[in-house]
Number of protein chains: 2
Amino acid sequence: MISPQLKNQFIAIVGSKYYLDSPNELYAYSYDATPIYQSMPDAVIMPETTQEVSDILKLANEHLIPVVPRGSGTNLAGGTIPVEGGIVLNMNRFNKIYEIDQRNLTATIGTGVVTADLHKAVEAVGLFYPPDPGSMRISTVGGNMAQCAGGMRGLKYGVTKDYIMGLEYVLPSGEILRCGGKNVKDVAGYDMTRLMVGSEGTLGVVTEITVKLVPLPETKRTLVAYYRNLVDAARTVETVIASKIIPATMEFMDQSTMKVVDDFAKLGLPLEMKSMLLIEQDGSEDQVVKDIEKIAEIARQEGAALVEVARTIEEGAKLLAARRSALAALSRLRPTTILEDATVPRSRLAEIVEVVEQVAVKYDLQICTFGHAGDGNLHPTCMTDERNKEEIHRVEQAFDEIFRAAIRMGGTITGEHGVGMAKMNYLSLKVGDGGVELMKRLKAAFDPNNIMNPGKMFANSERRRVVVKQ
Amino acid sequence: MISPQLKNQFIAIVGSKYYLDSPNELYAYSYDATPIYQSMPDAVIMPETTQEVSDILKLANEHLIPVVPRGSGTNLAGGTIPVEGGIVLNMNRFNKIYEIDQRNLTATIGTGVVTADLHKAVEAVGLFYPPDPGSMRISTVGGNMAQCAGGMRGLKYGVTKDYIMGLEYVLPSGEILRCGGKNVKDVAGYDMTRLMVGSEGTLGVVTEITVKLVPLPETKRTLVAYYRNLVDAARTVETVIASKIIPATMEFMDQSTMKVVDDFAKLGLPLEMKSMLLIEQDGSEDQVVKDIEKIAEIARQEGAALVEVARTIEEGAKLLAARRSALAALSRLRPTTILEDATVPRSRLAEIVEVVEQVAVKYDLQICTFGHAGDGNLHPTCMTDERNKEEIHRVEQAFDEIFRAAIRMGGTITGEHGVGMAKMNYLSLKVGDGGVELMKRLKAAFDPNNIMNPGKMFANSERRRVVVKQ
């Protein structure tokens with residue numbers, strides 16, 4: 001796809017050190033954190049400046065070479081896999097924090113800044129960037145933005161899209177544009193910022209982001225509640241919200257997940273329990289103490305067998321770390337771990353957990369469920385083996401049923417991981433065929449040659465899950 | 001434009017009672033709250049159901065008849081003026097609150113529900129819909145959504161776009177689509193919800209909205225601080241935020257505004273003062289008392305000549321009402337009141353206020369400034385007379401300078417009123433020519449025949465302010 005002359009033109013832009021096309025290097029960029037999918041790119045290019053990105057895109061667009069922007073490749077829906085070959089555009093050199101503006105409560109950064117590094121930098125000055133996706137120690141803010149990543153603090157603080165105030169982005173034509181900025185209020189024209197957030201690299205390449213910051217909460221406190229069934233846990237979540245308390249986080253783990261996590265983290269969890277809730281509140285000392293007391297009361301009222309309030313911040317952090325390690329713990333069990341994020345309105349929580357259990361039995365699969373109970377965004381996770389084609393087929397059918405159940409309950413096919421390739425064929429289930437057609441027309445307005453991350457988001461085949469190996 | 005046969009086809013959809021085309025009726029819909037602009041429609045149609053909207057749009061689209069959706073017509077940028085004639089689509093019959101979901105903290109309503117009515121309904125069950133634009137007792141949530149209206153609570157609570165979770169909307173083709181829903185997290189495809197919010201009726205007609213609600217705060221407290229200059233007021237705003245306190249509202253009024261408001265509301269304001277800040281905090285009793293004390297201390301530290309804490313909620317409400325009546329009070333002075341909303345990052349507040357003062361002197365105009373100091377969104381308001389062409393010309397030049405100054409400071413041309421017609425020619429100053437071209441392509445994806453609110457948002461002439469009378 002990339003002729004020697006074209007290769008030289010790309011090298012003339014970034015230098016030969018930042019143009020990679022040896023087989024080993026290409027292999028490293030042929031997959032991301034999504035199980036099963038893989039596809040080789042033709043080249044990996046690592047630009048350093050916005051002008052370089054512009055020159056690269058212009059050239060790629062002229063020659064109809066696909067371009068797949070990539071941060072750290074922690075994508076869980078195949079979003080960063082170069083399924084049609086072409087260029088993987090590695091944005092890691094855009095890793096500077098240009099400014100933390102303490103007067104306007106903003107930070108301006110390159111899209112390659114690792115999320116946890118941003119957290120550290122702003123917390124050092126008493127500020128807070130709340131989005132905390134599970135991948136935050138590795139993923140980039142740019143990657144989070146492309147997927148509109150969520151995290152555990154979503155219920156109280158919102159998700160990535162609520163914190164992106166402005167962008168610098170490059171169109172396939174090479175045109176460099178800006179949208180938004182440091183203004184809390186800005187209604188000049190269409191909300192291009194919000195359109196780019198969650199666009200999964202299909203509209204252009206974002207090079208710079210201005211994020212909103214909030215004051216760092218004074219303190220936090222963690223509570224854990226164990227239940228003999230699922231319904232009581234779900235009801236606790238609802239009753240807490242109905243009592244007008246919005247905790248910073250309300251995480252759920254079912255018994256299977258608890259067993260695996262405890263084996264990994266050795267926390268001494270009561271494994272005869274059917275489910276647990278991990279609840280954290282932050283804010284002023286008074287408010288936090290009051291809220292956590294009230295939440296403990298509600299948990300007991302709704303049938304919790306055991307309620308424990310962490311005595312120190314460190315103890316609370318240890319419990320939360322156990323939840324954060326759920327995916328890693330589950331991944332140890334079998335070669336392939338498929339993590340989904342079917343989401344429902346909070347009031348349907350217990351129902352969807354029961355559906356997942358029934359589906360697991362029906363298709364004879366091992367599916368554990370954990371996730372963000374507070375906002376209805378659960379992660380049914382299937383431990384399987386991609387080499388077992390027959391089992392994989394059952395996995396596809398199982399998740400098909402789970403997606404359809406979530407939609408029937410007024411939910412969505414993806415709460416935070418994105419559509420990518422994995423959920424492409426389900427998009428019309430959520431937004432309708434007309435909605436998909438409209439989105440395609442919208443993409444054409446940005447990317448008439450369809451070079452930006454082609455083969456993602458919009459269904460182009462009937463096959464549910466596709467193993468792509470080259 | 002609308003032949004007798006076509007008129008009958010529209011009447012067949014809504015009934016003759018809801019098709020208006022007498023000269024008086026058309027005149028009533030030829031203007032909105034924007035001074036100077038006016039243009040007669042060919043018909044006013046009042047649909048009741050989404051299917052009626054679909055049938056109307058399909059027919060209008062076939063015959064290339066412009067359609068201008070309208071709520072209560074309180075638009076301040078000419079957004080609801082039918083500048084190319086055609087149909088004004090009055091959405092007032094979509095005025096039902098379909099559901100308040102206390103478990104999921106959402107409300108689902110027709111776009112014609114008046115914002116204050118929504119406030120009342122949700123507050124009756126201890127919930128809260130924070131967006132409070134100045135027009136809220138008259139404007140509709142649909143109108144607020146089309147403009148992404150702001151309000152006084154924007155600093156702490158955000159603006160309309162932060163509270164719109166899902167929509168039902170109709171394309172010019174007649175296609176009925178849905179986006180978003182009750183899910184706190186949803187990343188299935190492009191964020192069409194956020195694209196529709198603030199799209200000023202140029203992409204389609206929104207018929208139903210699902211809004212996010214939050215718990216109603218326990219209590220609130222109001223403080224007022226008076227200053228001998230502008231800079232100390234601006235510095236107070238900054239220092240409060242820098243101290244990690246985010247009040248619910250921080251409003252500013254300059255001396256000219258104070259004088260006019262006091263003449264109207266008889267509050268006994270100290271009129272020798274150069275500026276005043278009105279600050280309100282809400283939340284739990286303890287937090288509110290603590291924050292207001294701290295804010296009072298900061299105000300004195302930054303040079304406030306006088307600081308008063310309202311003793312009761314009623315007293316505080318009275319002060320806030322004075323601020324809310326600023327526009328009404330100013331409107332009494334001269335026949336034409338031009339309210340603008342040039343916005344800057346908070347840290348540039350004092351500068352923009354000084355620029356406005358200098359510009360007023362330079363062009364010999366009466367311009368008062370009040371507004372949302374907390375988020376840098378001020379309302380320089382010019383009292384003038386549209387019949388005085390020479391003075392209007394000076395007004396245009398003055399605001400031209402103010403817009404350019406705001407942009408130079410990293411601000412925007414419009415914080416909450418929208419582009420409409422009034423700021424059309426300044427859009428490229430904020431988003432660039434490339435940005436405007438991209439937005440036009442985006443609109444074409446939705447509305448290839450350009451029937452949706454044509455003549456708005458995108459510049460099509462060099463004239464700054466146009467008096468359009470037919």
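Predicted model: local features only at pLDDT ≥ 70, side-chain atom pairs only at ≥ 80, totals over all residues.

Student: Which residues of chain B lose the most area to chain A?

Tutor: Those are B:Lys185, B:Val187 and B:Tyr190, which together make up 16% of what that side buries.

Student: How many residues of each chain are in contact?

Tutor: 78 residues of chain B touch 78 residues of chain A.

Student: How many salt bridges does the rule find across the interface?

Tutor: It finds 8 between chain B and chain A. One to look up pairs A:Asp186 with B:Lys430; their closest N and O atoms are 3.5 Å apart.

Student: Now, what describes two packed helices?

Tutor: The angle between their axes and the distance between the axes. Here, take helix α15 (residues 427–446) of chain A and helix α15 (residues 427–446) of chain B: their axes come within 8 Å and cross at roughly 155 degrees. Angles over 145 degrees count as roughly antiparallel, so α15(A) is roughly antiparallel to α15(B).

Student: Is the crossing of α15(A) and α15(B) left-handed or right-handed?

Tutor: Right-handed.

Student: And which residues meet there?

Tutor: From α15(A), look for A:Leu438, A:Arg441, A:Leu442, A:Ala445 and A:Phe446. They meet B:Leu438, B:Arg441, B:Leu442, B:Ala445 and B:Phe446 of α15(B). Sorted by class, this contact of α15(A) with α15(B) has 8 nonpolar, no polar and 2 charged residues.

Note on methods
Residues numbered from 1 in each chain as written. Chains lettered and ligands numbered in written order. Heavy atoms only, no water. Axes fitted to C-alpha atoms, helices over the stretch in contact; angles between N-to-C directions. Helix = DSSP H or I, 4+ residues; strand = E, 2+ residues; numbered from the N terminus. Parallel < 35°, antiparallel > 145°, perpendicular 65-115°, else oblique. Left-handed = near helix turned anticlockwise from the far one by under 90°. Contact = heavy atoms within 4.5 Å. Nonpolar A, V, L, I, M, F, W, Y, C, P; charged D, E, K, R; others polar. Buried area = accessible area lost by both parts, 1.4 Å probe. Salt bridge = Lys/Arg side-chain N within 4 Å of Asp/Glu carboxyl O.
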